[in-house]
Amino acid sequence: MVPIFLGITVLSYLILTLTPGDPVQMLISPGQSAEDVAIKRRAFGLDQPVYVRYVKWLGELARGNLGYSFSTGAPVTKRVGERIVPTLKLTGAALLLSYLIGIPVGVLAAAKRYSAIDYLATVLTFLGISLPTFFLGLVGIYIFALRLQWLPVSGTMTLGGDGGFLDGLHHLVLPASVLAVAGAGIITRYVRSSMLEVMGQDYVRTARAKGLAEVLVMRRHALRNALIPVITLAGLQIPALLAGAVITEQVFEWPGMGRLTIEAINQRDYPVLMGITIIAAVLVAIGNLLADMAYAVADPRIHYE
Amino acid sequence: MKGMRVWLAAIITLVVAALMIPAGAVGAPKSSLVVVSGMWSPPNNFSPINTDSSYGYYVVRFIFQGMMEARLENNQMRFSPALATRWEASADRQTFRFTIHPRATWHDGRPVTAEDVEFTVMTISDPKTETNRGAEIATIAGLTAGGKRVADQQLGFRILGPKSFEVRTKVPVDPQMFFERFGGNVYILPKHVLGSVPPDQLARHPFFQNPTVGNGPFKFVQYKTDQFVELVVNENYHNGAPKVRRVFVRIIPPTTMLAQLERQDLDLSAGFGIGEILIEDWDRVKEMPHVRPVTIRAPGYQFMVFNFSRPYLEDKRVRRAMAHAINRPLIVNQLLKGAGEIAEGPIPPANPYFNAAVKPWAYDTARARALLQEAGWDFNRTIILRVPTGNILRERTGDIIRENLVAVGIKVEIQKSDFPTHLAALTGKNYDIGLIGWAGPTDPDVSSQFRTGGQYNFGHHSIARMDQLLDEGVRLSDPARRKTIYNQFQELFADELPYVVLYYPNGRTVIAKRMSGVNYDIFGLFDYLTYNWVAGPQ
């Protein structure tokens, strides 16, 4: 674990420094004096060679210090930390919504293969997968915020309000739904094909042969087995949960991790980018672990010792 | 399929529950006491000496002030009081006296004094302080060209009384320039709050994330990351308490600015370059009954720079040929829908120093071809046009330029990259021609861009006569004589063409009709004399 982690930090640090672009240049304003620019470069430690910077950064990391953002001057932990809750709210709600839609629709499509329902589901899922979130977001804003005036255009809370739970939920509905559409499409496809595969298995035929009601066959025998690849998918999505949703966050003024990442890339804010990388690396590891554990629950053939 | 029904019921309940929340709770509080301003991106921080030049300072100027505020009106610079009530230049244009308003106080009740101003100058000029204000104070005696203190030299700053001080410059300077830079662009720091912070730690001080002690017409309440900055009225503001009680500066992407306006959740866009209306939305904004569209003659421009380290671009006939080849009228009329101006130089048409006698090179493909032939251009050579991504108009301009140049026989390949990469390519001389924009101060000194070795000399050119004129322009303090020099500079510029200035785009901004007393400053931003803002009921 530790060597992999070290390897990740070395690689990402290298890639960052090899990326063209100068963090100091991104912060200077027209007419700023050359001396002021040099002071900034020194303060960021950019006058030193890469390996010195890396070793210093690693030393600070060992003491739990992720450094300070170049652009805002705030500690990286604060910049990243304040994004975690809004990001989880948005991506979590979207993920939940996409499973709530994707699993039943996928099962239904598989159970009634080549029926009108199946075709409709297929068309809708492809539409959901292929419509750009950006476009979907604007359409959603147009319909629900402008025409019907049911939902706010953007933001996470009412200006000047106290940001209560209901207010938060109200602001969450549109962005989470928009983000869930593509996810639901993918999950539907997964569940459908996985169900079809399982339904061709011997044990399903056996279950049917012994006279079990179709509902029970589906629920007890087919669905549970069909969910295994879906669980893998969910495990893979855990890092994405925190990575945020760049475009949705942009359209809906959502203060998430995706926007922070883009801002940090655009400004070449190395400390922030390294902070995000570290957190992402840890999350991928946790996500895989959780998925492995979930297999054992879903599939009795798998158990860990 | 009983299970299915449970799922469906759950989803429907969720959706309905979400929609049931009263729609009245949506959006900004709609009252004459609250104003919402919208800008595209979040501020870096709230440091009056170190935040980003556009978004950050827009917010900072509600909270912190300098001695006065500057605005161009009918080609004349006008100054209005901010912290100072009086400002005067000595006859020799080398000594400047300021008197701070007797009732000017910090938001915690302490008086704003000459000592605060001295502290601010000392902080900015400290070689350890991270700041971008050095150039604003660089004319003061005892400082380097970058505005840093020199060990054994006396600083040209003298406290005359608790509320008055005197600044002495190294040499006589143009008072307009001095007042714009020192008076208008240096925002005063609270000594009693920051006085004990070591200069090299100032940039990371939490105060600049949460600036609770300011001196401006509005007090900082909170910043909701990436969403909005909340400001509340400073009842004790010395120029009279603002009539607007609360200001929200919202961060709104350009694509939803229109939707926010339509829902009346937005009262104004922040201004040139940081909060404008997209050109495709402009017609719809004009039709909205509750808002007033405002066009601003912008202080900034877009240009195409030539890499002078390429021998084949050294001949000025080649550069002029490209100026003739590019269809700038088409770009302005089609792309900008006519909302822009063409001028052959870096001094904006709206600037008092603009030389109207210098006319832009006409769109003339025959002339362009003739000049290329004359200069012996190699028509088999392919040159690289570098275009930064992010600004759609600029990217489209790049496509038009390529077409135009190809039409006169120059082979062009476009290379696009994100802005940091683009900038690195320009400073690294890794391009032939490149697109970029600029918006600078009103003072016509453009040495940093056009002097040999200048910090923003992206073309890496060195033109002796241009250096001479630029040095002369900085040295002179008499505005009339400066005007003559800068007229010559603009003639020379059009002849040498280190850049082809493509267009000066007008700013497209908007103000709710219920608001009055809103004006933009010299940079085209609506953060000018915010204490005069009045908002009616919605």
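**The interface in a predicted model**

Tutor: In chain B, 67 residues are in contact with 56 residues of chain A, two residues being in contact if their C-beta atoms, placed from the backbone, lie within 7 Å. On the chain B side, at least two residues each come from helix H1 (2-20), strand E1 (34-39), helix H4 (134-137), strand E10 (246-251), helix H7 (254-262), helix H13 (419-427) and strand E17 (433-439) of chain B. Helices (H or I, at least four residues) and strands (E, at least two) are DSSP runs, numbered from the N terminus. H1(B) gives the largest share of the side of chain B that touches chain A, with nine residues. By class, the residues of that side are 34 nonpolar, 21 polar and 12 charged. Here Ala, Val, Leu, Ile, Met, Phe, Trp, Tyr, Cys and Pro count as nonpolar, Asp, Glu, Lys and Arg as charged, and the others, Gly among them, as polar.

Residues are numbered from 1 along each chain as its sequence is written, and chains are lettered from A and ligands numbered from 1 in the order in which they are written. The model is predicted: local features need pLDDT of at least 70, and side-chain atom pairs count only at pLDDT 80 or more, while totals for chains, interfaces and linings use all residues.

Next, the two partners, beginning with chain A. Chain A has 12 helices and zero strands, and its C-alpha trace spans about 85 × 55 × 35 Å along the principal axes. Of its 305 residues, 41% count as buried; a residue is buried if 20 or more other C-beta atoms lie within 10 Å of its own, exposed if 12 or fewer, and partly exposed in between, with C-beta atoms placed from the backbone. Among contacts in chain A with a separation of 6 or more, 70% come from residues 24 or more positions apart.

Chain A divides into domain 1 (2-62) and domain 2 (76-298), with bounds from an automatic or database domain assignment. The C-alpha centres of domain 1 and domain 2 of chain A are separated by 35 Å. Their contact involves 10 residues of domain 1 and eight residues of domain 2 of chain A. Helix H1 (residues 2-18) of chain A supplies five residues, the largest share of the domain 1 side. That side has seven nonpolar, two polar and one charged residues.

Two packed helices are described by the angle between their axes and the distance between the axes. Helix H4 (residues 76-111) and helix H7 (residues 165-199) of chain A pack at an angle of about 35°, their axes 5 Å apart. Axes are lines fitted to C-alpha atoms, for helices over the stretch in contact, and angles run from 0 to 180 degrees between N-to-C directions. The contact of H4(A) with H7(A) is made of 24 nonpolar, six polar and two charged residues.

Chain B has domain 1 (15-63 + 216-290 + 513-535), domain 2 (68-194) and domain 3 (300-506). Between the C-alpha centres of domain 1 and domain 3 of chain B lie 34 Å. Five residues from domain 1 of chain B and five residues from domain 3 of chain B make up their contact. On the domain 1 side there are four nonpolar, one polar and no charged residues.

Strand E13 (residues 300-306) and strand E18 (residues 499-505) of chain B run antiparallel and are joined by four bridges. B:Met304 is opposite B:Val500 of E18(B).

Within helix H3 (residues 114-124) of chain B, the buried residues include B:Val117, B:Val121 and B:Ile124.

Conventions: Two strands pair if DSSP finds at least two bridges between them.
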